[in-house]
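Biologist: I would like to learn how to read a protein model, one feature at a time. Could you take me through it?

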Amino acid sequence: MSKLPKKNQFLDLSDYGRPMARMIARSLKNTSFTPIHVTISFIIAGMLAILCILNGYYLATAFFLILKSILDAADGELARLKNTPSYTGRYLDSVSDIILNLLILVTIWYVTEGAISYTLIAFFGLQLQGTLYNYYYVILRNKYNGDTTSRIFEGSPPTAMKGEKQRNVNILFSVYYFCYGIFDKIIYWLDSNAASNQHFPKWFMTAVSTFGLGFQLLIIGVMLSLHLAHYIIPFFIGYSAFILVFIGIRRLINQ
């Protein structure tokens with residue numbers, strides 16, 4: 001199952017792991033494994049990638065980053081196959097992502113002996129990139145009756161779905177909001193009219209998908225494999241300029 005109806009789908013460059021994710025989900029459909037178990041597995045893959053960076057095993061790092069991206073897609077696929085969508089899983093997934101992103105960049109800073117200030121700027125830019133992509137994508141999903149566990153505006157805890165506890169949803173939402181609230185507010189401030197216009201051509205969404213986490217991790221993995229670790233932090237700082245470029249293009253499209 002997909003997050004968007006087939007006729008509204010676009011080429012998502014950050015979602016290269018989806019075919020393998022679907023295979024994993026189908027293999028787990030009739031087992032006791034839950035989407036939360038898969039989320040935990042991608043956390044482990046991310047931590048193994050960090051361990052490989054620390055030891056200079058950059059090809060192995062690329063493998064685990066790609067594996068992390070595949071498993072990151074597989075938990076949602078399994079939830080849809082088992083018809084067990086949950087806000088618990090949605091927020092745990094997102095909180096795990098942002099923590100791993102920070103740890104990965106800090107580890108790169110450590111092994112390259114760079115400046116921590118630039119690393120934090122790169123992390124901030126990385127998160128703003130992903131937030132813009134998710135913002136546009138969630139608008140599309142809400143417009144075309146796609147997956148709805150993500151909301152355009154995350155201002156308060158949602159009502160727990162069947163099979164999950166409201167207390168768990170509330171706690172994880174609070175952590176999620178602490179981690180992502182500032183990024184959501186900045187992107188909304190930069191492009192508050194996007195939710196009302198809702199016109200995003202497929203070519204445009206494909207371009208913006210380069211801001212997706214899967215593509216970001218792929219870039220990190222490739223650059224490490226090519227022994228370009230010192231350029232990773234500057235790259236993500238510079239690439240953040242395209243946030244304004246994409247917002248400008250979106251506004252032109254919807255004039």
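Biologist: Which residues do ring pairs link into a cluster?

Modeller: First, the general idea: a pair of aromatic rings is described by the distance of the centres and the angle of the planes. Rings of Phe, Tyr and Trp (its six-membered ring) pair if their centres lie within 6.5 Å; planes under 30 degrees apart count as stacked, over 60 as edge-to-face and the rest as tilted. Here, ring pairs join Tyr135, Tyr136, Phe200, Trp203, Phe204, Phe211, Phe235, Phe236, Tyr239, Phe242 and Phe246 into a cluster. Please keep in mind that this is a predicted model, where local features need pLDDT of at least 70 and side-chain atom pairs count only at pLDDT 80 or more, while totals for chains, interfaces and linings use all residues. Residues are numbered from 1 along each chain as its sequence is written, and side-chain values use heavy atoms, with hydrogens and water left out.

Biologist: How many aromatic pairs does a search of the whole structure find?

Modeller: The search finds 22 aromatic pairs. One of them is Tyr91 with Phe173, an edge-to-face pair with 5.7 Å centre to centre and 70° between the planes. This pair links distant parts of the chain, since Tyr91 is in helix α4 and Phe173 in helix α6 (residues 166–190), 82 residues apart. Helices here are DSSP runs (H or I, at least four residues), numbered from the N terminus. Tyr91 and Phe173 are both buried, where buried means under 20% relative accessible area, exposed over 50%, and partly exposed in between (1.4 Å probe, protein chains only).

Modeller: Now look at Phe204 and Phe246: their ring centres are 6.3 Å apart and their planes are at 85°, so this pair is edge-to-face. Phe204 lies in helix α8 (residues 202–208) and Phe246 in helix α11 (residues 242–253), so the pair ties together parts that are 42 residues apart in sequence. Both Phe204 and Phe246 are buried.

Biologist: Where does the charged end of Arg141 sit?

Modeller: A charge sits over a ring if NZ of Lys or CZ of Arg is within 6 Å of the ring centre and within 35 degrees of the ring normal. The charged end of Arg141 sits over the ring of Tyr137, 5.2 Å from its centre.

Biologist: Next, the core. Which residues touch the most other members of the largest nonpolar core?

Modeller: In soluble globular proteins, nonpolar side chains tend to be buried together. A nonpolar core is a set of buried Ala, Val, Leu, Ile, Met, Phe, Trp, Tyr and Cys residues joined through side-chain atoms within 4.5 Å. The largest one here has 70 residues, and Tyr136, Met205 and Ile220 touch the most other members. Helix α5 (residues 116–143) gives the most to this core, with 11 residues. Setting aside residues up to four places away in sequence, Ile220 touches Leu65, Ile104, Ile108, Ile232 and Phe236; contact means heavy atoms within 4.5 Å.

Biologist: Is Asn101 buried or exposed?

Modeller: Asn101, in helix α4, counts as buried because its relative accessibility is 6%. Its side chain makes a polar contact with the side chain of Gln127 (2.8 Å). A polar contact is a pair of N or O atoms within 3.5 Å; within protein, one must be able to donate a hydrogen and the other to accept it, and residues adjacent in sequence count only if both atoms are side-chain atoms. Gln129, in helix α5, is also a buried residue, at 0% relative accessibility. Residues that Gln129 touches beyond four places in sequence include Phe211, Gln216 and Tyr239.

Biologist: Where does α6 bend?

Modeller: The bend at a residue is the angle between axes fitted to the seven residues ending there and the seven starting there. Helix α6 bends by about 55° at Tyr180. Tyr180 is among the buried residues of α6, and what covers those buried residues includes α4, α5 and α11.

Biologist: Finally, the loops. What is the phi of Glu113?

Modeller: Phi of Glu113 is near 55°, a positive value in a residue other than glycine. Glu113 lies in the loop between α4 (87–112) and α5, and with 71% relative accessibility it counts as exposed. His227 also has a positive phi, near 60°. His227 is found in the loop between α9 (213–225) and α10 (232–239) and is exposed, with a relative accessible area of 64%.

Definitions and conventions:
Helices (H or I, at least four residues) and strands (E, at least two) are DSSP runs, numbered from the N terminus.
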